[in-house]
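Here is a brief report on one protein model. Look over the sequence and the fold before reading on.

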Amino acid sequence: MIKILLLSALLGAAGALAMSGETPRADAVLRLEEDWRLAQHKNDKAALLALLAPDVTFIGTSGSLRDRADYIASRTTSRLPRSPTYEYSELRARVFGSVVIVTGREATTGEGTAFQGRFTHVWAQREGRWQLVAIQRTDIAR
């Protein structure tokens, strides 16, 4: 019993130390999440190109698999830029060294464009900057 308590205390302390170094990374990526949300809503091609890694993979709600060029091309028919709102909530960032995984909820409003979904974004730090390397979206059933 004492060994279990000691091990638990050590793991807790190690976790606290690891978390203290992770907060700046998580905060930086969560700020980029807002840039990403706005880039999608405004269909800002320059911002999309800056945030997406050249080798990004995007899995859409239909199960489609797209690369960066396909994703940017798909923005012309996307409902996001046509929606009055596009909001994120329930954001959660987990840091794994030079990778941050963000999960959250997304919602749009507007006639013919309203939907709610969940997403997973994988951000990797490359050459001193964070880029999206993988995206997956899932619709939330009504």
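Does Tyr71 count as buried or exposed? Tyr71 counts as buried, at 1% relative accessibility. The cut-off for buried is under 20% relative accessible area. Keep in mind that this is a predicted model.

## Fold

The protein has three helices and six strands. Their order along the sequence is α-α-β-β-α-β-β-β-β.

Among contacts with a separation of 6 or more, 50% join residues 24 or more positions apart.

## Surface and burial

The protein has 142 residues, and 35% of them count as buried. Its accessible surface is about 8,400 Å². Carbon and sulfur atoms account for 58% of that surface.

## Aromatic pairs

The structure contains four aromatic pairs. One of them joins Phe58 and Tyr71. Phe58 sits in strand S1 (residues 52-59). Tyr71 belongs to helix H3 (residues 68-74).

A pair of aromatic rings is described by the distance of the centres and the angle of the planes. The ring centres of Phe58 and Tyr71 lie 4.7 Å apart. Their planes meet at 50 degrees, so the pair is tilted.

Phe58 is buried too, with a relative accessible area of 3%. Which residues form one aromatic cluster? They are Trp36, Phe58 and Tyr71.

Terms used
Residues numbered from 1 in each chain as written. Predicted model: local features only at pLDDT ≥ 70, side-chain atom pairs only at ≥ 80, totals over all residues. Heavy atoms only, no water. Helix = DSSP H or I, 4+ residues; strand = E, 2+ residues; numbered from the N terminus. Buried < 20%, exposed > 50% of the residue type's maximum accessible area, 1.4 Å probe, protein only. Contact = heavy atoms within 4.5 Å. Areas by Shrake-Rupley, 256 points an atom, 1.4 Å probe, with all protein chains shown as cover. Phe/Tyr/Trp six-rings, centres within 6.5 Å; stacked < 30°, edge-to-face > 60°.
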